[in-house]
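Have the coordinates open while you read.

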Amino acid sequence: MMDITIVFFCYRGEEEILPFQALYLSKILPEANLHLIDDSCDPIPSAIVEKVKARNPKLKYRLSHFNRNRNLNGETAVKGIVNALAESADIDGNSEGIIIKLDPDTLLLRPKPILDGMAKKAQYFTYSSVKAPFSGGSYMLQRDVLQKIQDIVAVIPFDPDPRKVPEDVCICSLASFVTGRQAHIYMNLREPKNSHLIGAFNINSLDDPEAYKIALNATTHALITSVGNITAGGLPPAYRVKVMSDIIRHNIEFSAKQKAQNDKASK
């Protein structure tokens, strides 16, 4: 079995979704080890930490002390993230498996096709965003690829303006650089064949029951879905819990219906 280390970088303001994520991952990827790395400058309440731990016995919590430059930008953030990913893998004894960076507001709905590709030695997995060639919602790295990235970020010069060094573009670009033409999984969302596989939930659907149902149905085709745009749209963070819960429930019901139909057809 392939070792899996999942790492979240969190801060105060994500209290609502962290217990939900911990419980969800205990169901969908029970073999994975989880690491919750909190911002020492703005940590979540200790009561929430204990609640998250109770939801997933494989979760470990610790503080980070590097400057995150708001939303994980700049030299200190890139180095801090890469070092934290490597440290988490080392804590797990994960020397040959994969490391997954996952945002707390991003759901791994159907990780099996991606993990199967990584098990066949795809060197990394990543996907684009609307505005950039790589997204930080989730990316996966083989342990030796992470080591090569760690060696490079320790010595290369960085632009002093953190806004010009987003962690996702920097780290995923380096993954491509160190692996060359080796096998990898990259989903460019501008290609029609990939556009339904990675989703950002349609927040405009929240006021329209019919549109909301359509948005939920869209997630039944996705491998990964993010609800991070909810707060960007001005809604309270707690709405992420409702939407994430509805997405999971809808997908469970969809899978059950599919199974029933398949069982009926096979008789």
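1. Start with Pro 19, which touches Lys 51, Val 52 and Arg 55, leaving aside residues up to four places away in sequence; contact here means heavy atoms within 4.5 Å. Pro 19 sits in helix H1, residues 17-28. Helices (H or I, at least four residues) and strands (E, at least two) are DSSP runs, numbered from the N terminus. Pro 19 and Lys 51 are 32 residues apart along the chain, and their C-alpha atoms are separated by 6.4 Å. With a relative accessible area of 4%, Pro 19 is buried. The cut-offs are under 20% relative accessible area for buried, over 50% for exposed and partly exposed in between, with a 1.4 Å probe and protein chains only.

2. A word on the ground rules. This is a predicted model, where local features need pLDDT of at least 70 and side-chain atom pairs count only at pLDDT 80 or more, while totals for chains, interfaces and linings use all residues. Residues are numbered from 1 along each chain as its sequence is written, and side-chain values use heavy atoms, with hydrogens and water left out.

3. Now the whole protein. What does the secondary structure consist of? There are nine helices and ten strands. The radius of gyration is 18 Å, which agrees with the value near 18 Å that a compact globule of 267 residues would have; it is taken over C-alpha atoms, and the globule rule is 2.2 Å times the number of residues to the power 0.38. Along the principal axes, the C-alpha atoms fill a box of roughly 60 × 40 × 35 Å. Of the 267 residues, 49% count as buried. Take the contacts between residues at least 6 apart in sequence: 78% of them join residues at least 24 apart.

4. Arg 62 deserves a look. It belongs to strand S3, residues 59-64. Is Arg 62 buried or exposed? Its relative accessible area is 17%, so Arg 62 counts as buried. The side chains of Arg 62 and Ser 88 are joined by a polar contact of 2.8 Å. (A polar contact is a pair of N or O atoms within 3.5 Å; within protein, one must be able to donate a hydrogen and the other to accept it, and residues adjacent in sequence count only if both atoms are side-chain atoms.) Beyond four places in sequence, the residues that Arg 62 touches include His 35, Asp 38, Glu 87 and Ser 88.

5. Asn 73 is in the loop between S3 and helix H3 (74-92). At 18% relative accessibility, Asn 73 is counted as buried. Leaving out residues up to four places away, Asn 73 touches Arg 68, Pro 162, Val 165, Pro 166 and Glu 167.

6. Leu 141 is part of strand S7, residues 138-142, and is buried at 2% relative accessibility. Ile 171 is 30 residues from Leu 141 along the chain, with 10.0 Å between the C-alpha atoms.

7. Last, helix H5. Which residues of H5 (residues 143-153) are buried? They are Arg 143, Val 145, Leu 146, Ile 149, Gln 150, Ile 152 and Val 153. Their cover includes H3, strand S4 (98-102), S7 and helix H6 (167-179).
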